[in-house]
Amino acid sequence: MKLSWSPVLWLLMWISCSLVRADEQPRWVQDVHYLASDELEGRLTGSEGARRSREFIIDRYETLNISPLSALSGYTQPFTLPDRKDRPVDGINVVGENAGRDAPYIVVTAHYDHLGRKGRRVFNGADDNASGVAAMLEIALRTKRQPMQCNWIFLASDAEEHGLLGAKAFVSANIINKEKVFGNLNLDMLSQPGGRYELLVSGVSSHPQFAGLANDIEIATGVRMNNTDSALRVGRYPVATDRTKVSDHAIFAEQDIPFLFLGVGRHNYYHTPRDTASRINVAFYSTMVEASWQYAKGLDALCAESMQADAVGQPAESFGYYTTPSSRKRSLR
């Protein structure tokens, strides 16, 4: 007997299959799907969607046993700062830590805000920057599962789109003495290759050993690391602004704190309603998450070397686990 399927049954079957596929995706992809969902309405600073985003991040911190920063009364840091047009903006950072060691801090940053909605159009911000937040949460998980040598702060910053305000609020509050911060790892837009299978890396020149670290990770992952510290063009797009100043890492750089900024740069979906979770290149994004974790581990190792160097009174670069052997054929571009 031939079975006939009604349009409703076809729709239910398609929805069911889609849900199964979503559940089978890696954690970070599932996180992006939620953070970039229409339910969160583009995560505009001060919106209901932003509040729900914070609740999601706090719940994840609690699940991972990432503690509230000891200098704060909880996971949140409210602030009011002027935007680029000198208008006051009320924002709320979400801050957690994996600490307790007699060691410096590494601060991982990823802004969770985006552009909100304009009429019926939702600017979901899947790549910008749900992808960075999800990668940060994965790094937080792995720092709890593997032995780390330094302390970790995870800053989901607000109001980055208004002028890096969340990062400014965090750094200017002097919650952590800058002398105790070894470096900043900033994750902003990691899921769209834009026709180029490469990771843009800024801040390589901010520490003597960061170039060697990037070279090691390029070889380990097979992903080209494109040094953009002095780039005039990235792919098809001219670099109109200094990429060392375009995201939250710039605030740490102003305090002479070494930083690494990982991202993919502008692409056709950037700051448009088309930046949705359905457009994520899952394989590419998963590789970028793994590369981000490799950078985190490398920073932890360099941080430990720095402590060892301080203990014996030698320059940190003399310990050099990430110096480049002469046998290597590739170098950071």
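The following legends describe close-up views of a predicted model.

**View 1. Strand β4 is buried along its length, with seven of seven residues buried.** The strand covers residues 105-111 and is therefore largely enclosed by the rest of the structure. Tyr105, Val107, Thr109 and His111 point one way from β4, while Ile106, Val108 and Ala110 point the other way.

**View 2. Strand β4 pairs with β7 and is joined to β8.** Seven bridges connect β4 with β7 (residues 151-157) in the parallel sense. Five bridges join β4 to β8 (residues 181-187), and these strands also run parallel. Tyr105 has a bridge partner in each neighbour: Asn151 in β7 and Val181 in β8.

**View 3. Tyr34 and Phe56 form a tilted aromatic pair.** The model contains four aromatic pairs. In the pair shown here, the ring centres of Tyr34 and Phe56 are 5.1 Å apart and the planes lie at 40 degrees, so the pair is classed as tilted. Because Tyr34 belongs to helix α2 (residues 27-35) and Phe56 to helix α3 (residues 48-64), the contact ties together parts 22 residues apart in sequence. Tyr34 is partly exposed at 25% relative accessibility, whereas Phe56 is buried at 15%.

**View 4. Tyr197 and Phe284 form an edge-to-face aromatic pair.** Their centres are separated by 5.4 Å, with 75 degrees between the planes. Tyr197 sits in the loop between β8 and β9 (198-202) and Phe284 in helix α8 (residues 282-312), so that the pair links distant parts of the chain, 87 residues apart. Tyr197 is partly exposed, with a relative accessible area of 47%; Phe284 is buried, with 1%.

**View 5. Arg279 lies over the face of Tyr269.** The distance from the ring centre is 4.8 Å.

Conventions. Residues are numbered from 1 along each chain as its sequence is written. This is a predicted model: local features need pLDDT of at least 70, side-chain atom pairs count only at pLDDT 80 or more; totals for chains, interfaces and linings use all residues. Side-chain values use heavy atoms; hydrogens and water are left out. Buried means under 20% relative accessible area, exposed over 50%, partly exposed in between (1.4 Å probe, protein chains only). Helices (H or I, at least four residues) and strands (E, at least two) are DSSP runs, numbered from the N terminus. Two strands pair if DSSP finds at least two bridges between them. Rings of Phe, Tyr and Trp (its six-membered ring) pair if their centres lie within 6.5 Å; planes under 30 degrees apart count as stacked, over 60 as edge-to-face and the rest as tilted. A charge sits over a ring if NZ of Lys or CZ of Arg is within 6 Å of the ring centre and within 35 degrees of the ring normal.
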